[in-house]
Amino acid sequence: MAGKRVLVLGGGAPNLTLMSGALLALHDRGLSFDAISMSGAGAVVGLSYLAPKDLTPTEALRNTINFGVSDAIYSLLPINYKVFFKSGPLADAFRDVWRRLPPIQRAEHQYRMSPAEKLNADLLLLAGAMMTPSDLNVFDRGICAPVPFIENVVDFARLKQIVSPRTFLNAYRIDTHEIVEFEGPDIDVRHFRAAFAFPYLYAPYEIDGGLYYEGAEFTGLNLIRLAVDPRYLHIPYVHNHPTDNAYRFVIFDVLRKDVIHPARHLIDAYSQSIIFPSVGNAEKEIAIFQEWVRTGDKRFIPPDEWELRATFDVAQESLVRAGAGAKVIPDVKTYMVDFPVPLEEQPYILDWSRSNLERLFDIGYESGRIFLEERPDILDP
């Protein structure tokens, strides 16, 4: 009997369809998970998969390409007005009326549409975005409304009923300066918006008096904390090597350096300025996590987590007393899913055009298929 499987979905932007494509490849082979950890854009993929609204999990993952804008429009206006909405009371009031209109409701659900129908739908949504009034001013804390589209794709009432897998969604709590993990039945649309709030784009999001920003900007994968903290997985330590029941972490490595490239224009430069810190953080997190798994060195546990370090010390001392020796390591195996985006595609990896999201989805699906061929042991029950 192999160990539990943990899927880690980190931050991203348009390249989220790399994750949705790979997850579909794993889903098609019947792979399930005991826990799913999400951060930033990974939450869109994970929640759509776990609790899709009016779609099957397969359809919901394929539907992520429809977050993109039809190429004919995007080539002239490279802005994703379908994901980023104007903020303010006037904009909210207009959208409340606009989105009740039957043609608009049809335009927002594009899964079964033809390319021509999607173009017409995107033109209608563009008209709405242009007509939306705004009272944005320098005293506002964000230029966009808090992610209103998510309720079209995620059934949060259904999400609350899910017992397995355990689900985790992280956010950064500003007032207490800590990463917070929202879990399972507690997650609703507020927690998603808190986990997606981003300085300048979105105002800090308030839940029960706490103010939050996106956790992915601080710890895009949150690997060690998730593994060690008693509130979450609380993975045991073993002597010298993992057991047959070791936890198996499947990590989608989408925040690679190939995301960064010479900017093609100002909007591309701005997109990179947003994701640049996440790329560096993810690379360091993965390296630190793999070294922690290899050595068990408690110095890799976040220095502010003294209780977690104490957990490590207790495990180490118990093994020493039992005569097992001084070296203990986490009972973990890591599985990295790589996404080799072709060199000629890399300058467009942050574009929100539908064709780019489709290409990345296909690359993700093929990457997931190759991963299963190379690491078939992940399929062991």
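**Close-up 1. Ile79 and the nonpolar surface patch to which Ile79 belongs.**
In this predicted model, Ile79 is found in the loop that runs between helix H4 (71-74) and helix H5 (89-98). With a relative accessible area of 42%, Ile79 is partly exposed. Together with Leu76, Leu77 and Ile267, Ile79 makes a nonpolar surface patch of about 360 Å².

**Close-up 2. The salt bridge between Lys82 and Asp122, and the network around them.**
Lys82 forms a salt bridge with Asp122, and the closest N and O atoms of the two side chains are 3.0 Å apart. This pair links distant parts of the chain, since Lys82 sits in the loop between H4 and H5 while Asp122 belongs to helix H7, 40 residues apart. Lys82 counts as buried, at 12% relative accessibility, and Asp122 also counts as buried, at 0% relative accessibility. A network of salt bridges links Lys82 and Asp122 with Arg354, and Arg354 is one of the buried residues of H14.

**Close-up 3. Two further salt bridges, Glu151 with Arg193 and Arg231 with Asp229.**
The structure has a count of 22 salt bridges, and two of them are shown here. In one of them, Glu151 pairs with Arg193, with the closest N and O atoms 3.0 Å apart. Glu151 lies in helix H8 (residues 150-153) and Arg193 in helix H10 (residues 189-196), so that this pair links distant parts of the chain, 42 residues apart. Glu151 is partly exposed, with a relative accessible area of 35%, whereas Arg193 counts as buried at 15% relative accessibility. In the other salt bridge, between Arg231 and Asp229, the closest N and O atoms are 2.6 Å apart. Here Arg231 is exposed, with a relative accessible area of 55%, whereas Asp229 counts as buried at 3% relative accessibility.

**Close-up 4. The aromatic pair of Phe168 and Tyr232.**
The structure holds 13 aromatic pairs, and one of them is formed by Phe168 and Tyr232, whose arrangement is edge-to-face, with 5.6 Å from centre to centre and 80° between the planes. Phe168 lies in strand S3 (residues 166-173) and Tyr232 in the loop between helix H11 (223-228) and strand S7 (237-239), so the pair ties together parts that are 64 residues apart in sequence. Phe168 counts as buried, at 0% relative accessibility, and Tyr232 is buried as well, with a relative accessible area of 8%.

**Close-up 5. The tilted pair of Phe249 and Phe289, with an aromatic cluster that includes Trp352.**
Phe249 and Phe289 form a tilted aromatic pair, with 5.2 Å from centre to centre and 45° between the planes. The pair links distant parts of the chain, with Phe249 in strand S8 (residues 247-252) and Phe289 in helix H12 (residues 266-295), 40 residues apart. Both of these Phe residues are buried. One aromatic cluster is formed by Phe84, Phe192, Phe196, Tyr202 and Trp352.

**Close-up 6. Helix H1 and its surroundings.**
Helix H1 (residues 16-28) has 13 residues, which at 1.5 Å a residue should span 18 Å, and the end C-alpha atoms are 18 Å apart, in agreement with that value. Because 11 of the 13 residues are buried, H1 is largely enclosed by the rest of the structure. The buried residues include Leu16, Met19, Leu23 and Leu26. These buried residues of H1 pack against strand S1 (5-9), helix H2 (42-50), helix H3 (57-63), S8 and helix H14 (354-374). After H1 comes Gly30, which has a positive phi, near 85°.

**Close-up 7. Helix H14 and the elements that cover its buried residues.**
Helix H14 has 21 residues and reaches 30 Å from its first C-alpha to its last, which is close to the 30 Å expected at 1.5 Å a residue. Among the buried residues of H14 are Leu357, Leu360, Phe361, Ile363, Gly364, Phe371 and Leu372. The cover over the buried residues of H14 includes H1, H3, H4, helix H7 (115-131), S8 and strand S10 (332-337).

Methods: Residues are numbered from 1 along each chain as its sequence is written. This is a predicted model: local features need pLDDT of at least 70, side-chain atom pairs count only at pLDDT 80 or more; totals for chains, interfaces and linings use all residues. Side-chain values use heavy atoms; hydrogens and water are left out. Rings of Phe, Tyr and Trp (its six-membered ring) pair if their centres lie within 6.5 Å; planes under 30 degrees apart count as stacked, over 60 as edge-to-face and the rest as tilted. Helices (H or I, at least four residues) and strands (E, at least two) are DSSP runs, numbered from the N terminus. Buried means under 20% relative accessible area, exposed over 50%, partly exposed in between (1.4 Å probe, protein chains only). Patches are made of residues with over 30% relative accessible area and no salt bridge: like charges are joined within 9 Å, nonpolar side chains (Val, Leu, Ile, Met, Phe, Trp, Tyr) within 5 Å. Accessible areas come from the Shrake-Rupley method with a 1.4 Å probe; for residues, only the protein chains shown count as cover. A salt bridge is a side-chain nitrogen of Lys or Arg within 4 Å of a carboxyl oxygen of Asp or Glu. The expected span of a helix is 1.5 Å times one less than its number of residues. Contact means heavy atoms within 4.5 Å.
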